[in-house]
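Please look over the sequence and the structure below before reading the numbered points of this note.

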Amino acid sequence: MKKLFYPALFHKAEEGGFWISFPDIPECLTQGEDMEQAYEMAVDALGLALSCREKEGRPIPPASDPSMITTEPDSFLAVIEFDMLAYKKRTSSRAVKKTLSIPEWLNEAAMAMDLNFSQILQEALISKIQA
């Protein structure tokens, strides 16, 4: 999975800090007390919104061209970088059981070496996904 880049509008909040909206994902709103927290919250909110869309089978919209978005007074545009794979690693680490078949000779050789099947499979899958 490649990284995604979505424009976000950072609005100055009356009580201080910022509230953030995403023109391409209307349900995605968040806030932060300062710029650093607001950006981090924007990344997390974007991850939650995109993950929900994916689970619900709804399309993930393409990102708008930032130059086509108009800002209002007391707001500015920032592009949020999002890595779906990194987000899933951080938020979805629940183990799932998988059943698989391997040749008997391979099973016996691996067991003789006291190899951890789960660990080796995870490492191989991570290597394959990141390739």
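**Note on the pocket, a helix pair and a ring pair**

1. In this predicted model, α4 gives the largest share of the lining of the largest pocket, namely 11 residues. Helices here are DSSP runs of H or I with at least four residues, and strands are E runs of at least two, numbered from the N terminus. Residues are numbered from 1 along each chain as its sequence is written, and side-chain values use heavy atoms, with hydrogens and water left out. Because the model is predicted, local features need pLDDT of at least 70 and side-chain atom pairs count only at pLDDT 80 or more, while totals for chains, interfaces and linings use all residues.

2. The largest pocket holds about 1,200 Å³ of space, a volume being the space filled by probe spheres set on grid points joined across faces, edges and corners. A pocket is an open set of points on a 1 Å grid over the protein atoms alone, reached by a 1.4 Å probe, with protein on both sides within 12 Å along at least five of seven lines, and lining residues have an atom within 4 Å of a point. Among the 34 lining residues, Arg94, Ala95, Val96, Gln122 and Leu125 are the closest to the centre.

3. Helix α1 (residues 35–56) packs against helix α2 (residues 84–91) at about 90°, with axes 11 Å apart, the axes being lines fitted to C-alpha atoms over the stretch in contact and the angles running from 0 to 180 degrees between N-to-C directions. The two helices are therefore roughly perpendicular, a term for angles of 65 to 115 degrees.

4. The structure holds four aromatic pairs, meaning rings of Phe, Tyr or Trp (its six-membered ring) with centres within 6.5 Å. The rings of Phe10 and Phe76 have centres 5.3 Å apart and planes at 15°, so this pair is stacked, the word for planes under 30 degrees apart. Phe10 lies in strand β1 (residues 3–12) and Phe76 in strand β4 (residues 75–83), so that the pair links parts of the chain 66 residues apart.

Technical notes:
Parallel < 35°, antiparallel > 145°, perpendicular 65-115°, else oblique. Phe/Tyr/Trp six-rings, centres within 6.5 Å; stacked < 30°, edge-to-face > 60°.
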